[in-house]
Amino acid sequence: ERKAVSSLLPTSAKIRQLVADYTADSRKIVEKCMTAADFCAAFQEVYELSLATYTVLGSLSTLSLRPRLHPARNVVVRIPLLVGVGQSSVAEAELRRFVELILWALYFTDHPIEWKNFNDKTSGGFAQDARKPISYAAHREASFYLEYALELMDSEPSGLGVKAVENVKQAVKKLNAAVHAGRLARQVGKVPPHDDMSEAALQSFAKIQRQTFSSCCLLLAAYRRPRFDSLNAVSRAYFDWLLGAKLRREVRKGPFGLT
C-alpha cells in the first residue's frame, strides 16, 4: 500500500523540474512588479521614507538601548524590497513588527531584569500568570507596551511624546486590520500571487508607512532627548521631512528639543 501511494507522487527529478518552473515563473512576476515600481512615483516615496527612517534611527541609536535599533533598521530596509516585488501586505506585517521593536526599546531599556527574562530561550509567547510579575511584564501584548509608553511620556513637557504614542496607536490599529486574516477570507476567486502595484495602492501603503515611521521616530526622540538634540544636519533634515510641516513646527517652537 505504501508503495502504491508513493508511486502517485512525483519523482525527485520531476520535483526538481517543478521547482525550476516555479522559480522561472516567480522571476517573471518579480520583474513585472519591479518594472511597475520603477515607473511609480509612490514607490519613490516608499523608498525615501525608509531611507529617512534608517538614517534617523542610526543617529538616535545608543548602546544602552535594549533591544538595540539594528533589528528595527533591518525591517526598515526590507520595506521597499517587499513593496517592489509586489508584497505590500507582507510589508504591512513588517511595519507591525517594527512598532513592537521600538516599543520594546522604550520598555526594556528601563527594565533590565525583564529584558533578561525576555531573552531567556526557554520562555516564549505571552505570560499569563500575574503572580510572576517579571515574566508577566516581559511577555505581554503590544497594547501593554503602548500604555507604558503613554504613561512614560506623560512627563514630557511639550506634549509631543503623548501625541507620538497616540499616533502609534492609530498606526497599530490600521496595521492590525491589514494583517488580520479576515481580509484574505473575504476574497472571492483566484487572485494573483502579488499585491496591487498601482499608483493608488502604493500611495495608500506609503501613507501608513509614513505614519508608522514618523510617529515611532518622534516617540524615540522624546525618549532620547539628548540624542535628538545632537542630531547631525542630515538626520535632522530627514527627521523634519518625516514629520511633515505641522509637526515639525510644533517640535521647533516648544520645549521638545533644541530649536
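Mentor: Read along the sequence, the protein follows the pattern α-α-α-α-α-α-α-α-α-α-α-α-α. It contains 13 helices and zero strands; these are DSSP runs numbered from the N terminus, H or I of at least four residues for helices and E of at least two for strands. The model is predicted, so local features need pLDDT of at least 70 and side-chain atom pairs count only at pLDDT 80 or more, whereas totals for chains, interfaces and linings use all residues. Residues are numbered from 1 along each chain as its sequence is written, and side-chain values use heavy atoms, with hydrogens and water left out.

The C-alpha atoms fill a box of roughly 75 × 50 × 35 Å along the principal axes. Of the 259 residues, 42% count as buried, that is, under 20% relative accessible area, with exposed meaning over 50% and partly exposed lying in between (1.4 Å probe, protein chains only). Among contacts (heavy atoms within 4.5 Å) with a separation of 6 or more, 73% join residues 24 or more positions apart.

The largest nonpolar core has 69 residues, of which Leu57, Ile79, Phe98, Leu219 and Phe239 touch the most other members. Helix 11 (residues 199-223) supplies the largest share of this core, 13 residues. Such a core is a set of buried Ala, Val, Leu, Ile, Met, Phe, Trp, Tyr and Cys residues joined through side-chain atoms within 4.5 Å. In soluble globular proteins, nonpolar side chains tend to be buried together.

Helix 11 is mostly covered, with 18 of its 25 residues buried. From first to last C-alpha it reaches 36 Å, close to the 36 Å expected at 1.5 Å a residue; the expected span is 1.5 Å times one less than the number of residues.

Helix 5 (residues 88-109) should span 32 Å with its 22 residues, and its end C-alpha atoms are 31 Å apart, which agrees. Helix 5 is also mostly covered, since 17 of its 22 residues are buried.

Leaving aside residues up to four places away in sequence, Phe98 touches Thr53, Leu57, Ala72, Val75, Val76, Thr212, Phe213 and Cys216.

Ser88 also lies in helix 5 and is buried, with a relative accessible area of 9%. With the same exclusion of residues up to four places away in sequence, Ser88 touches Leu82, Val83, Asp195, Leu202 and Phe205.

Asp196 and Val83 are 113 residues apart in sequence, but their C-alpha atoms are 9.7 Å apart in space.

Finally, Ala149 lies in helix 8 (residues 142-152) and counts as buried at 1% relative accessibility. Beyond residues up to four places away in sequence, Ala149 touches Leu103, Leu106, Val165 and Leu219. Leu219 is one of the core residues that touch the most other members. Ala149 and Tyr107 are 42 residues apart in sequence, with their C-alpha atoms 7.4 Å apart.
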